[in-house]
Amino acid sequence: MKFQTLLYYCYSPIAEAEQFAADHLAFCKSIGLVGRIIVADEGLNGTVSGTVEACQQYMDHVLADERFAKTDFKIDDVEEPSFIKMHCRYKSEIVHSGLRDTSIIDPNKKTGKYLEPTEFRDMLNDEDVVVLDVRSNYEHNLGKFKNAITLDIENFRDFPEQINQLAQYKDKKIMTYCTGGIKCEKASALLLHHGFKDVYQLHGGIIKYGKEADGKDFEGKCYVFDNRIAVDVNKVNPVVLSTCRNCGTKTDKMINCANPECNEHFTQCDACGEQLLGCCSEVCTTHPRRRIYDGTGYYVKVPHVG
Ligand SMILES: [Zn+2]
Ligand SMILES: [Zn+2]
């Protein structure tokens, strides 16, 4: 059996989005998909996985809806489905920025100029260009474009308050990038709102860049929000960027701490993983509900009961 994983988003207003989310969930389940979809008044954002046939059926279904006709699906072949269950939830935004005022930020009206992967690649090393990673610490620690500026943020909702730190680049060409492009739609719109003049965004994000520009000059791995955790991007000049948090050797293995209450995302080498039973620290190894480390450091979330 062959499987695929689809990554996509579409900024397009949805009326009665809560009802839409319920109907959409039922549809996804009916064709046997697994994954996670966020539905908001402003659009759709998802990663779904299933057989090649189910994925095709899903794409046909979404693209047939004129609201989502411009959705760009990033398609990966995978060994097994990248999720266990199917979730489709209504939220206030499809990517949480805390900026819900569409009179300030509305990617459908104003956002950075799209750069296709090969255009982005060709501009990467230009002198007057600033490459800005708009993702969070655990993502850019694992991999990022060579020379990219990163921000010390735990979550994308912290991005707006970091903009002041970028004031020195106001007169430069700013090229933003993220995993699949969705954060850049808002990040670049916000930069324009704050007076940055020349703002571009990598269309389709790192994932599409890996497919269409062979990932050139992307260092390390790309963090993804499914049970693959990280994927390879660079087929031209790859390097390992990240180091084991416990011993400092180069590793790009990303795990969750086996202590369910810590659950911290971090990089750890196999040797330290064995020694610390998949925990971030000695302290975490003593937790009474410590989970069994099977070498992957990936744990299916178990919902709280009672
Ligand atoms: Zn180590
Ligand atoms: Zn821990």
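**View 1. The zinc ion (ligand 2) is coordinated by Cys 257 (SG), Cys 262 (SG), Cys 280 (SG) and Cys 284 (SG).** These atoms lie at 2.3 to 2.4 Å in this predicted model. Donors here are N, O and S atoms within 2.8 Å of the metal (3.2 Å for Na, K and Ca), and water is not among the atoms, so sites may look incomplete. What arrangement do the four donor atoms make? The angles they subtend run from 104 to 115°, so the arrangement is tetrahedral. Along the sequence, the donor residues follow the spacing C-x4-C-x17-C-x3-C. Cys 280 counts as buried at 10% relative accessibility, and Cys 284 does too, at 8%. Buried means under 20% relative accessible area, exposed over 50%, and partly exposed in between (1.4 Å probe, protein chains only).

**View 2. The zinc ion (ligand 1) has Cys 244 (SG), Cys 247 (SG), Cys 269 (SG) and Cys 272 (SG) as its protein donors.** They lie 2.3 to 2.4 Å from the ion. Around this zinc ion (ligand 1), the four donor atoms subtend angles of 102 to 114°, which makes the arrangement tetrahedral. The donor residues are spaced C-x2-C-x21-C-x2-C in sequence. Which of these cysteines can you look for as buried? Cys 269 is buried, with a relative accessible area of 11%, and Cys 272 counts as buried at 9%.

**View 3. An open sheet is formed by four strands in the order β6-β10-β9-β7, with parallel pairing.** Why does one side of β6 (113–115) and of β7 (129–133) lack a neighbour in the sheet? Both stand at the edges with a single partner strand each, so one side is left without a neighbour. On average, neighbouring strands of this sheet are turned by 30° against each other, direction ignored. Helix α5 (residues 182–193) packs on the sheet and touches β6, β7, β9 and β10. The direction of helix α5 makes about 175° with that of β10. For such angles, axes are lines fitted to C-alpha atoms (for helices over the stretch in contact), and the angles run from 0 to 180 degrees between N-to-C directions. Helices (H or I, at least four residues) and strands (E, at least two) are DSSP runs, numbered from the N terminus.

**View 4. Strands β9 (residues 173–177) and β10 (residues 198–202) run parallel and are joined by four bridges.** Two strands pair if DSSP finds at least two bridges between them. Lys 173 has Asp 198 in β10 as its bridge partner. Thr 176 also lies in strand β9. Thr 176 is buried, with a relative accessible area of 0%. Beyond its neighbours within four places in sequence, Thr 176 is in contact (heavy atoms within 4.5 Å) with residues including Phe 120, Leu 132, Ser 188 and Tyr 200.

**View 5. Gln 4 lies in strand β1 (residues 3–11).** Is Gln 4 buried or exposed? At 12% relative accessibility, Gln 4 counts as buried. Leaving aside neighbours within four places in sequence, the contacts of Gln 4 include Val 48, Cys 55, Ile 75 and Asp 77.

**Notes on the views.** Residues are numbered from 1 along each chain as its sequence is written, while chains are lettered from A and ligands numbered from 1 in the order in which they are written. In this predicted model, local features need pLDDT of at least 70, side-chain atom pairs count only at pLDDT 80 or more, and totals for chains, interfaces and linings use all residues, while side-chain values use heavy atoms, leaving out hydrogens and water.

Notes
Four donors count as tetrahedral if all angles lie between 85 and 135 degrees; four count as square planar and six as octahedral if opposite donors are over 155 degrees apart and all others between 65 and 115; anything else is irregular.
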